[in-house]
Amino acid sequence: YSKAMIAKGEEGLVWTAETLDPYLEKPRAYIKGTKMSFAGLKKEKDREDVIAYLMQFSPDYDPETAEEAESQ
């Protein structure tokens, strides 16, 4: 991890859907000094899809709740 990423973690950054979205859009703008070469995902739908995929691996993930949220 870059020093900037480590510092963010030490500051208390927790990866949630709300923190991942702006990071996935513009990683270098979200964490100044990151060495991430990934330019980001410009399309909101692409970011939503990545976040939904990652959320499946969360211990708090509930497929029924996720399906209800998608249908609204």
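Which helix is Arg 28 found in? I looked this up to open the notebook, and Arg 28 sits in helix 3, which covers residues 27-30. A reminder to myself: this is a predicted model.

**Entry: around Arg 28**

I stayed with Arg 28 and listed its contacts, leaving out residues up to four places away in sequence. Arg 28 touches Thr 34, Lys 35, Met 36 and Ser 37. I then checked Arg 28 against Glu 44, which is 16 residues apart from it along the chain. Their C-alpha atoms are separated by 17 Å.

**Entry: the whole chain**

Next I stepped back to the overall layout. I found 5 helices and 0 strands in the protein chain. Read from the N terminus on, the elements go α-α-α-α-α. I also took the box along the principal axes, and the C-alpha atoms fill roughly 40 × 25 × 15 Å.

**Entry: helix 2 and helix 4**

Two packed helices are described by the angle between their axes and the distance between the axes. I looked up both for helix 2 (residues 17-25) and helix 4 (residues 44-55): the axes come within 10 Å and cross at roughly 135°. Angles over 145 degrees would count as roughly antiparallel and 65 to 115 as roughly perpendicular, so helix 2 is oblique to helix 4. The crossing of the two helices is right-handed.

Which residues of helix 2 and helix 4 make the contact? From helix 2 I noted Ala 17, Leu 20, Asp 21, Leu 24 and Glu 25. Helix 4 brings Arg 47, Val 50, Ile 51 and Leu 54. I sorted the residues of this contact by type and got 6 nonpolar, no polar and 3 charged.

**Entry: the largest pocket**

Rolling a probe the size of a water molecule over the atoms shows where empty space is left. By type, the lining divides into 4 nonpolar, 2 polar and 1 charged.

Key. Residues numbered from 1 in each chain as written. Predicted model: local features only at pLDDT ≥ 70, side-chain atom pairs only at ≥ 80, totals over all residues. Heavy atoms only, no water. Axes fitted to C-alpha atoms, helices over the stretch in contact; angles between N-to-C directions. Helix = DSSP H or I, 4+ residues; strand = E, 2+ residues; numbered from the N terminus. Parallel < 35°, antiparallel > 145°, perpendicular 65-115°, else oblique. Left-handed = near helix turned anticlockwise from the far one by under 90°. Contact = heavy atoms within 4.5 Å. Nonpolar A, V, L, I, M, F, W, Y, C, P; charged D, E, K, R; others polar.
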